[in-house]
Amino acid sequence: MSVLTRDEAQLRAQLLDVHHYTVDLDLTTGAETFDSRTAIRFTARSDGDTFVELKPAELRSVTLDGQPLDPESLCEGRLPLKNLTAGAHELRLDAVMRYSRTGEGMHRFTDPSDGETYVYTQMFMDDVQRVFAAFDQPDLKAVFEVSVKAPEGWTVLANGITEHRGDGVWRAAPTPPVSTYLVAVAAGPWHSVRTEHRGLPFGIHCRRSLAPHLDADAEEILDITRACFDRYHEKFEEPYPFDSYDQAFVPEFNAGAMENPGLVTFRDDFVYRSAVTDTERQTRAMVIAHEMAHMWFGDLVTLKWWDDIWLNESFAEYMGYQTTAEATRFTDPWTEFGVTRKAWGYDADQRPTTHPVAPENVDDTASALLNFDGISYAKGASALRQLAAWLGEKDFLAGINTHFKRHRFGNATLADFIDSLASATDRDVPAWADSWLRTTGVDTLTPAIAPAGSTCTLTADRTGSRPHRLSAGLYDHDVAGEGRLVLRERIDLDVPQAAPQPIGKRPALILLNDGDITYAKLRFDATSFETVRTALSGLPDPLTRAVVWNALRDAVRDGELPPAAYLETARAHLPHETDLAVAQGVLAFAAGQLADQYLTPEDRPAALATLTSLCRDLLRRTEDGDHPGLRLIAVRHLISVAAHPETIAAWLADGTVPGGPELDPELRWRILARLAVLGATDEDTIAAELAHDPSATGQEGAARCRAALPDPAAKRTAWEAMFAGDDLSNYLFTATAQGFWQPEQAELVREYVPRFYADAVAVAARRGPAIAVAAGRWAFPAHAVDTENLALGEACLRDADLTPALRRTLADRLDDLSRALNVRDGQRTEEGE
């Protein structure tokens, strides 16, 4: 299939004005395909040639202004429109389209719990072409009128209010002008909870088998939705621009959520059927706030071309976290951002595949898809947080509101946005944008302390080029002892500094970027590092502790701090941690990267023993029931790092952890997966558990367990399911891949390491971007931290005809592998010395 280039999009936008789509979908024609009929009204500004996009199973007929065109002229997803004359035209197409099992286009899912079927669209980037014909680029906005014929008993949701017209036909209200990728339909026997807010219908929807779990959380979800809606109306002068607000939790969704105007789709993992921590509930709240922000950033005002995707995602990310903090009971989401999202951004920004927040060289849609990463989300949001601090909140919001006013229901570029911001301030916004949005990489900031008589001064040394506005926290040991640290003061710094800052007596700890307002790696002076090592848990604020843990994480990844030193610090201080996001983030890094990749196989058992001991300390500390979230985190990680099966097998047999919690489906499958890795379960036990929990997540759990069994036949079956056949859905492919590679089974799966590269190339070419990303991310042999694996991967990147999505994912994974090798080499050097 052809990808759309920037030059092609610009030429087509110069030629066409697209006014109106009428889209009629028939979902009653069978389980493999559906019918799609499209009428497009448009105007050609001059005589010329162009094309319309469509990826059908069969194109039955095409007419232009009533005259038939040859369906056989469709080639690689493009139907040429030759010799257009200036003036108004109507294009009609009648096609048969395929349902998807990969979360792209029109995804079809049959719930194993009850046999009910659901479909929903994901039109992002160029997947609208899998559903109906379109001039598919973001700056050709149009009004859409969509009707859907659905089976009896189904409800149809769309961007506008839908009405059942009889005979299974549902018609949605016409949209305002929106981009093609934002059109949405979700159909099935939904369970719905409906209400009204500020005169608009609100609804939340899920499949019927999840109804009790959605009902249990409905008020929380709706309260957050209403609170965010009201807060955005306080921030933005432009009112909510659509006629309703539905949120559908849909199965096997590739992203966290998608900002379709009036019909946001979420992965239905957010309908919790097992126990979750309050931080996970906070994440759901943030995603709700993030997607609602898109109604303005992205839907009302849309990027002109995909180089400005950050105008959508960075703003929604920043506004999502900020509005969650301001409008909901979750008052500290920036700690989770610092622990989880910023780490994602820092990692992405140090790889060879890094790119500016606002790149200038996005030549086509395939390249654009690769930029939905930690840079466009986390780094971009960090840059905006820095911009808000630099401009001040008042001028920042004034510029945003000017931007909405100037470009409502239209398209905008980075230059347009900078001009809107500049209209609200005397500051040099273009210079700020050049240094923050057009550059790559992460600056590093280090405190430099110099004596000045009986006191001292502070300078922030910078490796890099960006200006930073930040706070430096000065901490002293509490005179009362007990390992606590007391904040003496926070001082504001601009980097580069005009002059050293007097700070009085030398503090025990100097923490640059206290409050986490800027985006940079941090290092400690020797005195501060010793304080961190001995007293980290004594820092009073969780966000401050998150900043410190991130600095330690970065130092490990850069080979400046031995992994064992990080583990020692975690062992000493994490048992005293109270913040759930910090505890989860530290344990995830320690288990997932340190133990599984950075430490040698010889050192791994000791690391697992340390983590097991740490988790047991957390369990003992939470026996009183006052910290259920922290206890749940400890239980999950103790299962994941268990080196021996006896304890967790007893939990599974008893159905509970001593002292709680009782085992819900998530914990049962987690234990069974670890027992499979350790060779302490079998197919009969997995099948019995699946019979007990035949849900979609149960199917995924069983696939993960079966792939994890230390048996050659089980490995062969799993590999063939992933790479020889095309039957696995996106979620079942991922679950199988997650189970397949295990550090404990390195010898058993050694033969599959070289096989991975050729098989991943083939499956990516066959099944498309979603499976390409899943193969590169989850089926990659990350456990094989050796030069042979690295050489195989580098040869694949050089020689293979890779799809762009797989090439990018593999390049990132190989860079992570190279970093792990460097860390291991550093350990060997130290041991040799």
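## A walk through the sheets, loops and helices

Let's start with a sheet: 5 strands make up an open sheet with mixed pairing, in the order S15-S16-S17-S19-S18. Its edge strands, each pairing on one side only, are S15 (191-197) and S18 (257-258). What we're looking at is a predicted model, in which local features need pLDDT of at least 70 and side-chain atom pairs count only at pLDDT 80 or more, while totals for chains, interfaces and linings use all residues. Residues are numbered from 1 along each chain as its sequence is written, and side-chain values use heavy atoms, with hydrogens and water left out.

A word on the labels: strands (E, at least two residues) and helices (H or I, at least four) are DSSP runs, numbered from the N terminus. Two strands pair if DSSP finds at least two bridges between them. Strands of a sheet pair through backbone hydrogen bonds, either parallel or antiparallel.

Another open sheet has 4 strands in the order S8-S9-S14-S11, and here the pairing is antiparallel. S8 (105-110) and S11 (155-158) are the edge strands, each pairing on one side only. On average, neighbouring strands of this sheet are turned by 10 degrees against each other, direction ignored. S11 pairs with S14 (residues 185-188) over 4 bridges in the antiparallel sense, and alanine 158 has valine 185 in S14 as its bridge partner.

Now move along to S22 (residues 444-452) and S23 (residues 455-463), which run antiparallel and are joined by 9 bridges.

Most residues other than glycine have a negative phi, and most peptide bonds are trans. Aspartate 167 has a positive phi, near 55 degrees, and sits in the loop between S12 (162-166) and S13 (169-172). Aspartate 516 has a positive phi too, near 60 degrees; look for it in the loop between S27 (509-512) and S28 (521-522).

Which of these aspartates is buried and which is exposed? Buried means under 20% relative accessible area and exposed means over 50%, with partly exposed in between (1.4 Å probe, protein chains only). Aspartate 167 has a relative accessible area of 74%, so it is exposed. Aspartate 516 is at 6% relative accessibility and therefore counts as buried.

Then there are the cis peptide bonds. One joins valine 495 and proline 496, with omega about 5 degrees, and proline 496 lies in the loop between S25 (485-495) and S26 (501-504). Another joins glycine 660 and proline 661, again with omega about 5 degrees. Proline 661 belongs to the loop between helix H17 (646-654) and helix H18 (665-677).

You'll find it in the loop between H9 (414-422) and H10 (429-437), and it counts as buried because its relative accessibility is 13%. A polar atom of its side chain lies 3.1 Å from the backbone nitrogen of arginine 427. Leaving aside residues up to four places away in sequence, threonine 425 touches Leu391 and Asp395; contact means heavy atoms within 4.5 Å.

We finish with a pair of helices. H21 (residues 712-723) and H22 (residues 730-740) pack at an angle of about 145 degrees, their axes 10 Å apart. Those axes are lines fitted to C-alpha atoms, for helices over the stretch in contact, and angles run from 0 to 180 degrees between N-to-C directions. H21 contributes Lys715, Ala718, Trp719, Met722 and Phe723 to the contact, and H22 brings Phe733, Thr736, Ala737, Gly739 and Phe740. By class, that contact has 7 nonpolar, 2 polar and 1 charged residues. In this scheme Ala, Val, Leu, Ile, Met, Phe, Trp, Tyr, Cys and Pro are nonpolar, Asp, Glu, Lys and Arg are charged, and the others, Gly among them, are polar.

Methods:
A polar contact is a pair of N or O atoms within 3.5 Å; within protein, one must be able to donate a hydrogen and the other to accept it, and residues adjacent in sequence count only if both atoms are side-chain atoms.
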